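Colleague: Hi! Could you walk me through this model? Please begin with the terms you'll be using.

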Amino acid sequence: MKSIIKFLILIFYLISIFYINHIIVLIMLILMNLLIMIFNKISLKGVFKNITLLLPFVIFTVLINCFIIDYKYALFIGIRLILAYMISYLLSRALTIKEVAMVIQRLLIPLKIFKIDNKKIGLIIFIALSIIPNVLNEMQQKKYSIKSKSINIKLKNIFLIVKSVLVSMLIKVNEYENAIVSKGYFGK
């Protein structure tokens, strides 16, 4: 129940930032997020490191909105994107992958009326969230193996990398599902 409340509060908070139209309030929310992260002992160094990786996307979005709409709106969008990232980061540190999957599974219980199995949806979410790091790691390994063979990475080679990663990912997803179900994480 505690994880459901955390999840719903963070999702409501994430959605609500896109309805705030005062820059002072948005800046105060950024400061509040930093205080929440300090209170929860979340590494601010990791947050700022990841925000710097996000900055090219934010700057691009702000520039596009400057030219299309105006600079005030673009500034709001940039701050909102950074806030949304901070909230997502906080959510990822506050709940584990299994807790997120279980929360979504519990929230989807009303779908049983339509004969939709919420346990399978929870299992799908768990597998999807837990396999992402493995896919990224495997993509890097394939890229390094191609570079070590002195092959230039072109569009044709990228297709080969993605194809081999997708095949191995499908095999791993099946293995993950069997392991998770046999351990009884989500029931049958």
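Modeller: Happy to! Buried means under 20% relative accessible area, exposed over 50%, and partly exposed in between (1.4 Å probe, protein chains only). This is a predicted model, where local features need pLDDT of at least 70 and side-chain atom pairs count only at pLDDT 80 or more, while totals for chains, interfaces and linings use all residues. Residues are numbered from 1 along each chain as its sequence is written, and side-chain values use heavy atoms, with hydrogens and water left out.

Colleague: Thanks. How many salt bridges does a search of the whole structure find?

Modeller: One, counting a side-chain nitrogen of Lys or Arg within 4 Å of a carboxyl oxygen of Asp or Glu. Lys172 and Glu138 are the partners, at 3.1 Å from N to O. Lys172 lies in helix α7 (residues 155–183) and Glu138 in helix α6, so the pair ties together parts that are 34 residues apart in sequence. Helices here are DSSP runs (H or I, at least four residues), numbered from the N terminus.

Colleague: And is Glu138 buried or exposed?

Modeller: Glu138 counts as buried because its relative accessibility is 12%. Lys172 has a relative accessible area of 29%, so Lys172 is partly exposed.

Colleague: Switching topic: which residues form the nonpolar patch on the surface?

Modeller: Leu55, Ile59, Phe60, Leu63, Ile64, Phe67, Ile68, Ile69 and Tyr73, with about 920 Å² of accessible area together. Patch residues have over 30% relative accessible area and no salt bridge; nonpolar side chains (Val, Leu, Ile, Met, Phe, Trp, Tyr) are joined within 5 Å, like charges within 9 Å. Areas come from the Shrake-Rupley method with a 1.4 Å probe, and for residues only the protein chains shown count as cover.

Colleague: Where does the largest share of that patch come from?

Modeller: Helix α3 (residues 44–68), with seven residues. Phe67 is in that helix, and Phe67 counts as exposed because its relative accessibility is 72%.

Colleague: Nice. What lines the largest pocket?

Modeller: Leu91, Ser92, Arg93, Leu95, Thr96, Ile97, Val100 and Leu129. A pocket is an open set of points on a 1 Å grid over the protein atoms alone, where a 1.4 Å probe fits, with protein on both sides within 12 Å along at least five of seven lines; lining residues have an atom within 4 Å of a point.

Colleague: Which helix gives the largest share of that lining?

Modeller: α4, with three residues. Both α4 (71–94) and α5 (97–107) supply at least two.
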